[in-house]
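Subject: Structure handover

Hello,

Please find the structure below, followed by notes on what was found in it. The notes go topic by topic and can be read beside the model.

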Amino acid sequence: MPIEVPLLAAPLARKRALSEALVALALAGPAVFFLVVLFFLPVAAIFVVALTDWRFGATSLSFVGLSNFREVCTDAGFRASLVNTVVYALIVVPGTVILGLMITLVIEGGRSCRGLYRAVHFLPFMATLTAMAIAWEALLHPTIGLVNQALAAIGLPTANWLRDENMALPILAVIGIWQNLGYAMVLFLAGLKSIPQELYNAADVDGADLWIDRLRTVTLPMLGPVTMFVVIVVALRAFEAFDTVKVLTQGGPGHASEVLLYTLYRESFEYLRTGYGAAVAVLFLAIVMTLTLVQVRFMDTKVHYQ
């Protein structure tokens, strides 16, 4: 009898394992299918197009190997757009994180109108960026814009903000910070709400009774995971900047405000060099994936998980 029990249990165990595997496949199957159809197949198609000389609308093509990638790597315009994108991200990411955290602390430190302040700061993230870009274009108009009129009223010099090679990209970065600020604020608010009050009580007992001490010893360490997530998401959004560039500057003056996505759009749909644009898209995807992996690997060792 002790010998027969394992012999009977083995088929039941195999049957149960097969049943569980089929259920798991049925549950994960639709998600895997859409992931393949909507992500992996388009990426594979873009890589194939990048190996051709296909022009948008053409009925024929020929394979050119890696010549599109070699052309991209030696193109001064692509290098300029890559540098501009990096500079844009280096302004937008720390600006959004620092200002978002400061605004969150100020709102939570107050006692009235919290809901109003949250809504006001979150509104730019919810609004259509193209419409907001048109509003910014009116505000930054060199003659009738409210910004120049306000500067002139207090005796400060004015500028043609969007046509100045030295100012166009920083102005776009400021708009990017303004647009992402509400998103960072909401995430930091959620992070603050999740910090146990007992930690602040313990900090008070240990002598950290000043707000700066509480911020340094409790708030910032406990916001580590949220901060990592905000940095990654805002960095990805910064590298995906397109709407404001298209509406406000069209990459100008010269190539002063041209970013990677605008280069991809211009090459593919204005110059109709689809094979070259696909090569830019492949390199852009590789840069974004590398950036994400580096950020996760670097910041994951420096955050405290609750």
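**Salt bridges**

Glu 71, Glu 258, Arg 266, Glu 267 and Arg 273 are linked in a network of salt bridges, a salt bridge being a side-chain nitrogen of Lys or Arg within 4 Å of a carboxyl oxygen of Asp or Glu. This is a predicted model, in which local features need pLDDT of at least 70 and side-chain atom pairs count only at pLDDT 80 or more, while totals for chains, interfaces and linings use all residues. Residues are numbered from 1 along each chain as its sequence is written, and side-chain values use heavy atoms, with hydrogens and water left out.

The structure holds six salt bridges. One of them pairs Glu 71 with Arg 273, with 2.4 Å between the closest N and O atoms. This pair links distant parts of the chain, 202 residues apart: Glu 71 is in helix α2 (residues 67-74), and Arg 273 is in the loop between α12 (260-270) and α13 (274-300). Helices here are DSSP runs (H or I, at least four residues), numbered from the N terminus.

Arg 273 also meets Glu 267 in a salt bridge, at 3.1 Å from N to O. How accessible is Glu 267? Glu 267 counts as buried because its relative accessibility is 3%; buried means under 20% relative accessible area, exposed over 50%, and partly exposed in between (1.4 Å probe, protein chains only). Glu 71 has 34% relative accessibility, so Glu 71 counts as partly exposed. Arg 273 is partly exposed as well, with a relative accessible area of 25%.

Another salt bridge joins the side chains of Arg 216 and Asp 213, at 3.6 Å from N to O. Arg 216 and Asp 213 are three residues apart in helix α9 (residues 211-222), so about one helical turn separates them. Arg 216 counts as exposed, at 54% relative accessibility. As background, side chains of opposite charge can pair when their charged atoms come close.

**Asn 180 and its contacts**

Asn 180 is found in helix α7 (residues 168-193). Its relative accessibility is 4%, so Asn 180 counts as buried. Which residues does Asn 180 touch, not counting residues up to four places away in sequence? They are Val 92, Thr 96 and Arg 237, where contact means heavy atoms within 4.5 Å. With Arg 237, the side chain of Asn 180 makes a side-chain polar contact of 2.5 Å. A polar contact is a pair of N or O atoms within 3.5 Å; within protein, one must be able to donate a hydrogen and the other to accept it, and residues adjacent in sequence count only if both atoms are side-chain atoms.

**Helix α3**

Helix α3 (residues 76-109) has 34 residues, which at 1.5 Å a residue should span 50 Å; the expected span is 1.5 Å times one less than the number of residues. The end C-alpha atoms of α3 are 49 Å apart, which agrees. At the start of α3, a side-chain oxygen of Asp 75 comes to within 3.0 Å of the backbone nitrogen of Gly 77.

**Backbone geometry in two loops**

Most residues other than glycine have a negative phi, and most peptide bonds are trans. Gly 252 and Pro 253 are joined by a cis peptide bond, with omega about -5°. Pro 253 is found in the loop between α11 (243-249) and α12. Gln 250 is also found in the loop between α11 and α12, and its phi is positive, near 50°. Gln 250 counts as partly exposed, at 38% relative accessibility.

In the loop between α12 and α13 lies Leu 272, whose phi is near 60°, a positive value in a residue other than glycine. Leu 272 is partly exposed, with a relative accessible area of 32%.

**Thr 130**

Thr 130 is in helix α5 (residues 129-139) and counts as partly exposed, at 31% relative accessibility. Not counting residues up to four places away in sequence, Thr 130 touches Asp 243 and Val 247. The C-alpha atoms of Thr 130 and Arg 266 are separated by 18 Å, with the two residues 136 apart along the chain.

Regards
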